[in-house]
Amino acid sequence: MSVFKDLSSLDLAALVASRVCHDIISPVGAITNGLEVLDEEGNEDMADFAMDLIRKSARQASAKLQFARLAFGAAGSAGASIDLGDAQEVATGYMSNEKANLEWTMPRLLLPKNQVKLILNLLLLMNQCVPRGGTITISMEGDEGAPNFLLKAEGTNARIPQVVSEILSGQEPERIDAHTVQPIYAVLLAGEAGLNIELLKDGDAVICKANTQVSESV
């Protein structure tokens, strides 16, 4: 994580905000387009299409914002816990608009905020590993005191994006922008949550492990 220490809190906040805006600008723009079609006179034949577009895009924007609130937002006061059931709900809503399917097999527990935020951020990274769609499975071993998380992405041409692999291994990217800030944020979250991240290719699948750091005996 030391390679990211020159990234100020203000720059990190600005880049994360830019990332969130990037995610929601498409559905919000589609809502605007639908409203413009409704405003056109003599275009009654397109009214149903425009309303369907508005409804679909509004659902997408809402799902992305609810996901971002937990994945990137404060989600309560410092040191707060988050219900995994709430995380599953926003993750399911977000992935309903993606090509990959989500299988969430973790029990409903209250976990420290940064651990849950990390899970959601790792889901975004795993979604990048199956650009043509597939299945992403999230599971957990151990208990809430020392959890180990496993995310597995299976799909056609599953791969690890080079920039994601480099950042998770601790290398600084050529440039830090709204596209690279999300894996950087995941690395920072892992450090705060006391988890080690390992990302590897396993046959036709990509596996991500987030294991509780083991304290060395003195």
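This is a predicted model: local features need pLDDT of at least 70, side-chain atom pairs count only at pLDDT 80 or more; totals for chains, interfaces and linings use all residues.
Reader: How many salt bridges does a search of the whole structure find?

Author: A salt bridge is a side-chain nitrogen of Lys or Arg within 4 Å of a carboxyl oxygen of Asp or Glu. Among the pairs are Lys152 with Glu154, at 3.8 Å from N to O, and Arg175 with Asp177, at 3.0 Å from N to O. The search of the whole structure gives a total of seven.

Reader: How many residues apart in sequence are the parts tied together by Asp86 and Arg108?

Author: Asp86 forms a salt bridge with Arg108, and their closest N and O atoms are 3.7 Å apart. Asp86 lies in helix H3 (residues 84-95), whereas Arg108 lies in the loop between strand S2 (101-104) and strand S3 (110-112), so the pair ties together parts separated in sequence by 22 residues.

Reader: Which residues are linked with Arg108 in a network of salt bridges?

Author: Arg108 touches Asp83, Leu84, Gly85 and Asp86 (contact means heavy atoms within 4.5 Å), not counting residues up to four places away in sequence. The C-alpha atoms of Arg108 and Leu12, 96 residues apart along the chain, are separated by 31 Å. The salt-bridge network joins Arg108 with Asp83 and Asp86.

Reader: Is Asp177 buried or exposed?

Author: Buried means under 20% relative accessible area, exposed over 50%, and partly exposed in between (1.4 Å probe, protein chains only). Arg175, its salt-bridge partner, is exposed at 60%. Asp177 has a relative accessible area of 16%, and therefore counts as buried.

Reader: How is H3 oriented relative to H4, roughly parallel or roughly antiparallel?

Author: The axes of H3 and helix H4 (residues 113-129) come within 10 Å and cross at roughly 20 degrees. Axes are lines fitted to C-alpha atoms, for helices over the stretch in contact, and angles run from 0 to 180 degrees between N-to-C directions. Angles under 35 degrees count as roughly parallel, over 145 as roughly antiparallel, 65 to 115 as roughly perpendicular and the rest as oblique. The H3 and H4 pair is therefore roughly parallel.

Reader: Which residues of H4 make the contact with H3?

Author: H3 contributes Leu84, Ala87, Val90, Ala91, Tyr94 and Met95 to this contact. On the H4 side, the residues are Val116, Ile119, Leu120, Leu123, Leu124 and Asn127.

Reader: Which residues does Arg19 touch, not counting residues up to four places away in sequence?

Author: Arg19 is found in helix H1 (residues 9-39). Its relative accessible area is 11%, so Arg19 is buried. With that sequence exclusion, Arg19 touches Phe72, Leu124, Ala178, Val181 and Gln182.

Reader: What separates the C-alpha atoms of Gln60 and Ser96?

Author: Gln60 is found in helix H2 (residues 47-71) and counts as buried at 18% relative accessibility. Gln60 touches Pro27 and Asn97, not counting residues up to four places away in sequence. Gln60 and Ser96 are 36 residues apart along the chain, and their C-alpha atoms are separated by 8.6 Å.

Reader: What is the phi of Asn157, which is not a glycine?

Author: Asn157 is found in the loop between strand S5 (148-155) and helix H5 (162-168), and counts as partly exposed at 48% relative accessibility. Most residues other than glycine have a negative phi. Asn157 has a positive phi, of about 55 degrees.

Methods:
Residues are numbered from 1 along each chain as its sequence is written. Side-chain values use heavy atoms; hydrogens and water are left out. Helices (H or I, at least four residues) and strands (E, at least two) are DSSP runs, numbered from the N terminus.
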